[in-house]
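Let's take a walk through this one, pockets to begin with and then a sheet. Have your viewer open as you read.

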Amino acid sequence: MSVEFEDILYEVRNHVAWITINRPEKMNAFRGQTCDEIIKALNKAGYDRDVGCIVLAGAGEKAFCTGGDQSAHNGNYDGRGTIGLPMEELHTAIRDVPKPVIARVQGFAIGGGNVLCTICDLTIASEKAIFGQVGPKMGSVDPGYGTAFLARVVGEKKAREIWYLNKRYSGAEAVAMGLANVCVPHEELDATVQEWAETICERSPTAIAIAKRSFNMDTAHQSGIAGMGMYALKLYYDTEESREGVNALKDKRKPDFRKYAK
């Protein structure tokens, strides 16, 4: 592990930069420091001429990423940014880095982890992958890219289903709805990810960068929605209704949100 980072691993494999969230004991949930390190690694890879593609992954077998670390959340997370996590910066970094970012999903991609998959240029899933949202069950939500942009990716009706019902979806179902590009046998996941990434590395980097910018321009307004939504989320986190989700998790009970709804 590079001395630059504590929460992530960073390495380059044949012109492909692998950024791996290294918190398997927390199901690769991110805290403020994790987000800052991913942003730094994205910038490091994005402007390294030797790198042609970036892979975002999670350590271990259980999870790609399960969103914000609830143990670091008590009305606000433990880092900087509007909600104690620099989520706007992290999402923007994935979109703005001039190289494709591939999400490698070997297990749970839940909550904020599901949002990362949504924003990444490509998503490659194992047959063991599980996607989904839990925000309304936990007293949270992801405005902007997690909701409005998700609707652009999977369609309006499906996006509302994902957020309102909080169901879980297999890798094959993720492919069918357009959330993932391909679902492969678990043992073939790394080889497939590296193969796709190396293929991209053979393409014109300038053409790829222009193509990515062009795709992003069509949804650039989502950034404004996300920024405004994060301020609304901060206000929501200050309510007893939102805290009920965290408290219920700690108490290992079902939350009673309606008790506090106004």
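Which element gives the most to the lining of the second largest pocket? That's α9, with five residues. Before going on: this is a predicted model, where local features need pLDDT of at least 70, side-chain atom pairs count only at pLDDT 80 or more, and totals for chains, interfaces and linings use all residues. Numbering runs from 1 along each chain as its sequence is written, and side-chain values use heavy atoms, with hydrogens and water left out.

A pocket here is an open set of points on a 1 Å grid over the protein atoms alone, where a 1.4 Å probe fits and protein lies on both sides within 12 Å along at least five of seven lines; lining residues have an atom within 4 Å of a point. Volume is the space filled by probe spheres set on the points, which are joined across faces, edges and corners. Helices (H or I, at least four residues) and strands (E, at least two) are DSSP runs, numbered from the N terminus.

The second largest pocket comes to about 370 Å³. Cys120, Asp121, Lys212, Phe215 and Asn216 are the closest to its centre, out of 17 lining residues. The largest pocket has about 690 Å³ and 35 lining residues, with Thr66, Gly67, Gly68, Gln70 and Val134 nearest its centre.

Now the sheet: it's open, with four strands in the order β4-β6-β8-β9 and mixed pairing (strands pair if DSSP finds at least two bridges between them). β4 (63–65) and β9 (168–170) are at the edges with a single partner strand each, so one side of each has no neighbour in the sheet. β8 and β9 run antiparallel, joined by three bridges.
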